[in-house]
Amino acid sequence: MAPARQSPVSPLVVRWSRAEDERAGTPLLVALHGRGSDERAFSGIAPYLPEGITIAFVRAPIAEGGGYAWFTNRGIGRPVAESIADSAAQVLDWLDTVAARHTSVSVLGFSGGMAMAGGLLFTKPERFSSAVLLSGTLPWDAGLPAGPGRLAGVRVLWGRDEADTVIPADLVARTGRWLREESGADLAERVYPALGHALGEGELHDIHTFLAETGDRPS
């Protein structure tokens with residue numbers, strides 16, 4: 001039986017890398033933390049990302065275990081359809097209020113944040129010029145459109161450690177097949193040995209390079 005749905009907290013809490021008067025005309029990166037974490041812990045990646053971008057570290061809307069989650073689930077990496085749809089709508093509604101000030105919009109998600117980033121991409125792929133998907137799975141069997149060519153025109157960096165045992169192997173394999181063979185994305189795939197379920201220096205370097213190359217593309 002699926003867990004009871006929890007109502008999202010509104011409005012979203014966002015921690016910005018720049019002051020409001022410094023954001024206009026910059027590329028925007030929407031950064032989504034993992035399950036049980038929050039926007040403050042995840043903001044530690046900011047020094048490793050390109051200086052010219054604006055980063056919005058968004059707090060997930062469901063309080064859970066001292067941190068926050070993007071959706072209720074049916075097991076690790078398996079979102080309840082109504083829950084992830086609600087959170088995606090909330091993030092996209094917020095994005096409507098800020099995106100026009102920026103030259104492009106990208107999304108970065110780690111672990112549970114990767115599933116949420118996938119939810120945004122499945123729902124409104126045209127809103128994003130690129131995506132960084134890290135140590136997780138896309139949100140399968142959650143009622144979101146994921147047909148062939150869904151991410152056509154979107155640059156995607158997918159990074160993981162093959163020895164990471166946190167995310168079920170069948171979900172990672174399904175994600176890989178779809179990204180490579182069906183998504184239509186401009187895909188860069190990276191595997192980082194001995195990294196585990198974490199971000200490492202080599203991965204952060206690759207993210208920096210990827211985002212620097214994306215920044216001048218319009219959303």
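1. Basis of the values. Because the model is predicted, local features are reported at pLDDT of at least 70 and side-chain atom pairs at pLDDT 80 or more, whereas totals for chains, interfaces and linings use all residues. Residues are numbered from 1 along each chain as its sequence is written, and side-chain values use heavy atoms, with hydrogens and water left out.

2. Secondary structure. The protein chain holds five helices and nine strands, where helices (H or I, at least four residues) and strands (E, at least two) are DSSP runs numbered from the N terminus. Read from the N terminus, the order of elements is β-β-α-β-β-β-α-β-α-β-β-α-β-α.

3. Overall dimensions. The radius of gyration, taken over C-alpha atoms, is compared with a globule rule of 2.2 Å times the number of residues to the power 0.38; for 219 residues a compact globule would come near 17 Å, and the 16 Å of the protein chain agrees with this. The C-alpha trace spans about 50 × 35 × 30 Å along its principal axes.

4. Counting as a contact heavy atoms within 4.5 Å, residues 24 or more positions apart supply 78% of the contacts that have a separation of 6 or more.

5. Surface and charge. By the Shrake-Rupley method with a 1.4 Å probe, the protein chain exposes about 9500 Å², of which carbon and sulfur atoms supply 50%. There are 20 positive and 26 negative side chains, and the centres of these two sets are 4 Å apart; Lys and Arg count as positive, Asp and Glu as negative, while His and the chain ends are not counted, and each charge is placed at NZ of Lys, CZ of Arg, CG of Asp or CD of Glu.

6. Helix 3. Taking the expected span as 1.5 Å times one less than the number of residues, the 12 residues of helix 3 (residues 112-123) should span 16 Å, and the 17 Å between its end C-alpha atoms agrees. Because 11 of these 12 residues are buried, helix 3 is largely enclosed by the rest of the structure. Its buried residues, among them Met114, Met116, Leu120 and Phe122, pack against strand 2 (28-32), helix 2 (81-98), strand 6 (105-110), strand 7 (130-134), strand 8 (155-160) and helix 4 (169-181).

7. Helix 4. The 13 residues of helix 4 reach 18 Å from the first C-alpha to the last, close to the expected 18 Å. Leu171, Thr175, Gly176, Trp178 and Leu179 are buried in helix 4, and what covers them includes helix 3, strand 8 and strand 9 (186-191).

8. Two serines with positive phi. Ser111, in the loop between strand 6 and helix 3, has a positive phi of about 55° although it is not a glycine, and Ser111 is buried at a relative accessible area of 12%. Ser135, in the loop between strand 7 and strand 8, has a positive phi near 50° and counts as buried at 2% relative accessibility.

9. Gly36. Located in the loop between strand 2 and helix 1 (39-42), Gly36 is partly exposed, with a relative accessible area of 37%. Leaving aside residues up to four places away in sequence, Gly36 touches Glu64, Gly67 and Tyr68, while its C-alpha atom is separated by 29 Å from that of Arg23, 13 residues apart along the chain.

Methods. Buried < 20%, exposed > 50% of the residue type's maximum accessible area, 1.4 Å probe, protein only.
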